[in-house]
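Biologist: Hi, I have a few quick things to ask about this one. Shall we look at it together?

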Amino acid sequence: MRYLLVAALTAAVTAAGLAWLRGRYLAVTVEGVSMVPTLRPGQRLLARRGAGVTGDIVVVRGGRGLMVKRLAACEGERLPAVLGGGLVPVGRVAVLGDNPGRSADSRQFGLLPASAVVAVVRSAPVRT
């Protein structure tokens, strides 16, 4: 009886811990070449859910689903010259790929709502 109680408690604690981690972190796989040479297709990354700061590699939700890009400018900051300069409006962000010739980013689809930033990459690529 005692064994069953310990096993049930262990299972409950493990499930709660996994649910907590899943709510805070996101595992993503890099698809495409938009972030080469920084990241390569197929690399696995661990990202923490939440907003980032300029220069962070982030996971954003866009028209093509989840994408991994670099946060180029946040609200109130100056846009990079490739995006025309000027200031980023409140509630918006600009994202760019590290491989400009092969990236669909804010140069094509414009500024994204700040809420489109799903997570910030916090790990070096994870070997699979």
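Biologist: What does Arg-107 count as by relative accessibility?

Modeller: Arg-107 counts as partly exposed, at 30% relative accessibility. The scale here is buried under 20% relative accessible area, exposed over 50% and partly exposed in between, with a 1.4 Å probe and protein chains only. Keep in mind that this is a predicted model, where local features need pLDDT of at least 70 and side-chain atom pairs count only at pLDDT 80 or more, while totals for chains, interfaces and linings use all residues. Residues are numbered from 1 along each chain as its sequence is written, and side-chain values use heavy atoms, with hydrogens and water left out.

Biologist: Got it. Which side chain meets Arg-107 in a salt bridge?

Modeller: That would be Asp-105, at 2.6 Å from N to O. A salt bridge here is a side-chain nitrogen of Lys or Arg within 4 Å of a carboxyl oxygen of Asp or Glu. Asp-105 counts as buried, with 0% relative accessibility.

Biologist: How many salt bridges does that rule give?

Modeller: The count comes to two. Asp-98 and Arg-70 also meet through their side chains, at 2.8 Å from N to O. Helices (H or I, at least four residues) and strands (E, at least two) are DSSP runs, numbered from the N terminus.

Biologist: And what are the relative accessible areas of Asp-98 and Arg-70?

Modeller: Asp-98 is partly exposed at 22%, and Arg-70 is partly exposed at 25%. E4 (residues 65–73) and E5 (residues 92–96) run antiparallel and are joined by three bridges.

Biologist: Let's zoom out. What is the order of the strands in the sheet?

Modeller: The open sheet has seven strands, ordered E1-E2-E7-E3-E4-E5-E6, with antiparallel pairing. Two strands pair if DSSP finds at least two bridges between them. Strands E1 (25–29) and E6 (112–113) are at the edges, each pairing on one side only. Along the sequence, the chain reads α-β-β-β-β-β-α-β-β.

Biologist: Back to E1, then. Which residues are on its covered face?

Modeller: Leu-26 and Val-28 are on the covered face, and Tyr-25, Ala-27 and Thr-29 are on the uncovered one. Val-28 stands opposite Leu-45 in E2, and five bridges join the antiparallel E1 and E2.

Biologist: Where is Pro-37?

Modeller: Pro-37 is in the loop between E1 and strand E2 (44–49). The peptide bond from Val-36 to Pro-37 is cis, with omega near 10 degrees.

Biologist: New topic: what is Val-117 in contact with?

Modeller: Contact means heavy atoms within 4.5 Å. Leaving aside neighbours within four places in sequence, the partners of Val-117 include Gly-50, Val-59, Leu-71 and Val-93. Val-59 is 58 residues away from Val-117 in sequence and 6.1 Å away in space, C-alpha to C-alpha. Val-117 lies in strand E7 (residues 117–121) and counts as buried, at 11% relative accessibility.

Biologist: Last one: what percentage of the chain is buried?

Modeller: Of the 128 residues in the protein chain, 34% are buried. Among contacts between residues at least 6 apart in sequence, 46% join residues at least 24 apart.
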